[in-house]
Each structure stands twice: as C-alpha cells, then as structure tokens.
Amino acid sequence: MRPTRRPHDDPAGDVVRWAAFSCLLVPVVLVVYGTSFGGVAVATLGLVAVTAVCRAMLRYSEKAERAALILTEDRLPPGRRRRHSRAGSGSGGRGCHTVGGISSED
C-alpha cells in the first residue's frame, strides 16, 4: 500500500504549477500595460513552450534519480539496505572503528 502523497512532497509539481500560473498571469499583465495582442500571443506561446520543456526535464530527472536509487539498493548486501544515516549507531558518525579508535578510513 502506497502512502498518500501530500502536495509538498512533489517539488517538481510545485514548480510546474507556479510556471503554469505565470503563463496565465504574464499575458494579463502585458495586455493591461498595452502590449499588442500579437505580442501577448507570442509571449504566451514562448512561456508555455519553456514550461513544457522544463516539466519534461524535471520528470526525466526524477525518473533517473529513482532508477539510480533502485539500482544502488539492488547492489547493496541485504543487511545494509535502506540505511540513510549513521547517526545514533554508536560510532560517533564515522565509519567502522577498530579497537584503537582509529578507523581504516584514517
């Protein structure tokens, strides 16, 4: 069962919504300030095209990130999957420590 997503869980969606709002607001402002309807139409089409390309790139990036995460988790040994932080593990936030307090990373 997938948890329900809240609107703030989708930052790319938020960006696209604001861009769509701008695509509606900018033409209105241009008409109010006296720009010709042809100029407004060109500006609107340009904003819509840029918004569509940015949306496609954001979605592609999200898919690539999810695929990389799945690939990384598949390569981890079963005991180390889904471990996001070492905080609270008793190691002081560093890697594996040896008996003398010096890790193999030093």
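Which residue does R17 meet in a salt bridge? The side chain of R17 pairs with that of D14, with an N to O distance of 2.6 Å. The structure is a predicted model, in which local features need pLDDT of at least 70 and side-chain atom pairs count only at pLDDT 80 or more, while totals for chains, interfaces and linings use all residues. Residues are numbered from 1 along each chain as its sequence is written, and side-chain values use heavy atoms, leaving out hydrogens and water.

A salt bridge is taken here as a side-chain nitrogen of Lys or Arg within 4 Å of a carboxyl oxygen of Asp or Glu. By this rule the model holds two salt bridges. Helices are DSSP runs of H or I with at least four residues, numbered from the N terminus. R17 is partly exposed at 47% relative accessibility, and D14 is likewise partly exposed, at 26%; the classes are buried under 20% relative accessible area, exposed over 50% and partly exposed in between (1.4 Å probe, protein chains only).

Turning to helix α2 (residues 37–75), R59 and E62 are also three residues apart, or about one helical turn. Their salt bridge has its closest N and O atoms 2.9 Å apart. R59 is partly exposed with a relative accessible area of 24%, whereas E62 is buried at 19%.

Helix α2 also contains A49, which is partly exposed at 41% relative accessible area. A49 and C23 are 26 residues apart in sequence, with a C-alpha to C-alpha distance of 9.9 Å.

Key:
Helices (H or I, at least four residues) and strands (E, at least two) are DSSP runs, numbered from the N terminus.
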